[in-house]
Amino acid sequence: MAQLYYRYSAMNAGKSLEIIKVANNYEERGKHVMCLVPEVDDRGEKGMITSRVGLKRPAFVVDDDTNIMNLFIEKNMQKPIDCVLIDECQFLRKHHVQELAEIVDSFDVPVMAYGLKNDFKNELFEGSYYFLVYADKIEEIKTICWCGRKATMVARIQDGKIIKHGSQIVIGGNDMYVSLCRKHYNDGRLDDFD
């Protein structure tokens with residue numbers, strides 16, 4: 001029986017790489033996957049899931065008005081889809097998460113969503129909130145802070161300092177964000193030399 005999976009972590013845990021690996025595993029067995037990426041994630045090439053290690057694969061772009069269920073039905077009629085994979089799922093809207101749950105329930109197709117749970121202010125993203133509500137299975141992908149502890153927070157960096165104000169969504173990479181443990185997020189230490 002298919003399930004809706006929510007796999008979350010702080011940044012740099014290999015979420016995009018995991019999606020590419022899962023898609024490859026399905027395709028090696030003759031199965032078809034549908035990959036999705038939110039339009040707002042413009043760090044790399046539009047319509048691509050890109051990992052920090054340089055691997056990438058094409059994906060359908062989802063904007064706020066996209067009806068994922070309709071997109072799934074259209075693509076599933078062309079070629080039966082065996083799995084749906086989503087990168088940066090924290091940027092999805094409530095209706096997107098509900099549509100993904102309906103794909104699982106109505107078509108018995110597993111949906112695996114990967115993304116952040118909390119933002120740089122330590123608040124949930126809309127997509128993260130609704131994946132926590134609707135997911136059948138919630139799994140943490142672990143990464144570490146500079147000190148070696150488990151990183152659970154994402155800090156936004158500006159001029160070498162942690163900032164905790166501003167817009168929730170500002171797209172950036174290692175130049176703007178760092179994953180930290182709770183202790184170093186709260187005390188503002190970016191590395192052992194601060």
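The paragraphs below go from the whole chain to single residues.

The model is a predicted one, and its secondary structure comes to five helices and eleven strands. The radius of gyration of the chain is 17 Å, close to the 16 Å that the globule rule gives for 194 residues, so the chain is as compact as a globular protein of that length. Along the principal axes, the C-alpha trace spans about 55 × 30 × 30 Å. Of the 194 residues, 47% are buried, and among contacts between residues at least 6 apart in sequence, 75% join residues at least 24 apart.

The sheet comes next. Six strands form an open sheet with parallel pairing, in the order β5-β2-β6-β7-β1-β8. Because β5 (60–62) and β8 (137–140) stand at the edges, each with a single partner strand, one side of each is left without a neighbour in the sheet. From one strand to the next, the twist averages 20°. Within this arrangement β1 and β7 pair in the parallel sense over five bridges, and Tyr8 stands opposite Gly115 in β7. Helix α2 lies across β2, β5 and β6, and runs at about 150° to β2.

Which residues have the most contacts inside the largest nonpolar core? They are Leu36, Val84, Ile86, Leu100, Ile103 and Phe131, in a core of 27 residues. The elements that give two or more residues to this core are strands β1, β2 (33–38), β6 (83–86) and β7 (111–115), together with helices α2 (68–78), α3 (94–107) and α4 (126–134). Helix α3 provides the largest share, five residues. Leu100, leaving out residues up to four places away in sequence, touches Leu4, Leu36, Ile68, Val84, Ile86, Leu92, Val111 and Phe131. Apart from this core lies another, of 18 residues, which includes Phe125, Val154, Tyr177 and Cys181.

The side chain of Arg7 makes a polar contact with the side chain of Glu139, at 2.5 Å. If neighbours within four places in sequence are left aside, the residues in contact with Arg7 are Lys15, Met112, Ala113, Tyr114, Gly115, Glu139 and Ile141.

Notes
Residues numbered from 1 in each chain as written. Predicted model: local features only at pLDDT ≥ 70, side-chain atom pairs only at ≥ 80, totals over all residues. Heavy atoms only, no water. Polar contact = N/O pair within 3.5 Å; in protein donor to acceptor, adjacent residues only side chain to side chain. Contact = heavy atoms within 4.5 Å. Core = buried A, V, L, I, M, F, W, Y, C linked by side-chain atoms within 4.5 Å. Buried < 20%, exposed > 50% of the residue type's maximum accessible area, 1.4 Å probe, protein only. Helix = DSSP H or I, 4+ residues; strand = E, 2+ residues; numbered from the N terminus. Pairing = 2+ DSSP bridges. Axes fitted to C-alpha atoms, helices over the stretch in contact; angles between N-to-C directions. Rg over C-alpha atoms; globule rule 2.2 N^0.38 Å.
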